[in-house]
Amino acid sequence: QVQLVESGGGLVQAGGSLRLSCAASVRTFSSYIMGWFRQAPGKEREFVTAISGSGRSTNYAVSVKGRFTISRDNAKNTGYLQMNGQKPEETAVYYCAAYSGSLSYWRAPGNYDYWGQGTQVTVSS
């Protein structure tokens with residue numbers, strides 16, 4: 001069982017930055033692909049970014065590429081999402097998630113076995 005706890009959400013002005021953290025309670029954190037998703041009210045959960053267990057491979061949604069950066073520190077069992085240049089339409093609950101398996105499926109939320117409770121990010125205009 002893997003437990004994930006997000007932190008770092010809050011209110012930020014358009015163009016500002018936030019850094020989200022995802023703490024995992026598992027010994028073999030490096031065995032898991034970690035992803036970040038977001039869900040705005042009335043919308044489906046959407047893929048934001050993901051990182052391989054080693055941290056050597058990453059994948060980004062087109063809408064955030066160049067502004068968001070995913071990283072992880074396996075020694076600390078923690079993943080991070082640095083968000084720069086935020087836009088009001090990116091207001092959503094942000095979730096971290098994890099699964100152990102192929103990188104081929106890392107964009108699909110249905111492939112993730114473990115989810116955090118989510119953290120609210122509000123971007124004001």
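The following legends describe close-up views of a predicted model.

View 1. Four strands form an open sheet in the order β1-β3-β8-β7, and their pairing is antiparallel. At the edges lie β1 (4-7) and β7 (68-73), each of which pairs on one side only. From one strand to the next, the twist averages 15°. Strands of a sheet pair through backbone hydrogen bonds, in either a parallel or an antiparallel manner.

**View 2. The pairing of strands β3 and β8.** Strand β3 (residues 18-24) and strand β8 (residues 78-83) run antiparallel and are joined by 6 bridges. Within this pairing, L18 has M83 in β8 as its bridge partner.

View 3. M83 belongs to strand β8. The residue is classed as buried because its relative accessible area, 0%, is under the 20% cut-off. Leaving aside residues up to four places away in sequence, M83 touches G16, S17, L18, L20, R67, F68, Y94 and V121. One of these contacts, L18, is also the bridge partner of M83. The C-alpha atoms of M83 and I70 are separated by 8.8 Å, the two residues being 13 apart along the chain.

**View 4. Residue N77 in the loop between β7 and β8.** The loop that lies between β7 and β8 contains N77. Although N77 is not a glycine, its phi is positive, at about 55°. N77 has a relative accessible area of 18%; this value is under 20%, so N77 counts as buried.

How values were computed. Residues are numbered from 1 along each chain as its sequence is written. This is a predicted model: local features need pLDDT of at least 70, side-chain atom pairs count only at pLDDT 80 or more; totals for chains, interfaces and linings use all residues. Side-chain values use heavy atoms; hydrogens and water are left out. Two strands pair if DSSP finds at least two bridges between them. Helices (H or I, at least four residues) and strands (E, at least two) are DSSP runs, numbered from the N terminus. Axes are lines fitted to C-alpha atoms, for helices over the stretch in contact, and angles run from 0 to 180 degrees between N-to-C directions. Buried means under 20% relative accessible area, exposed over 50%, partly exposed in between (1.4 Å probe, protein chains only). Contact means heavy atoms within 4.5 Å.
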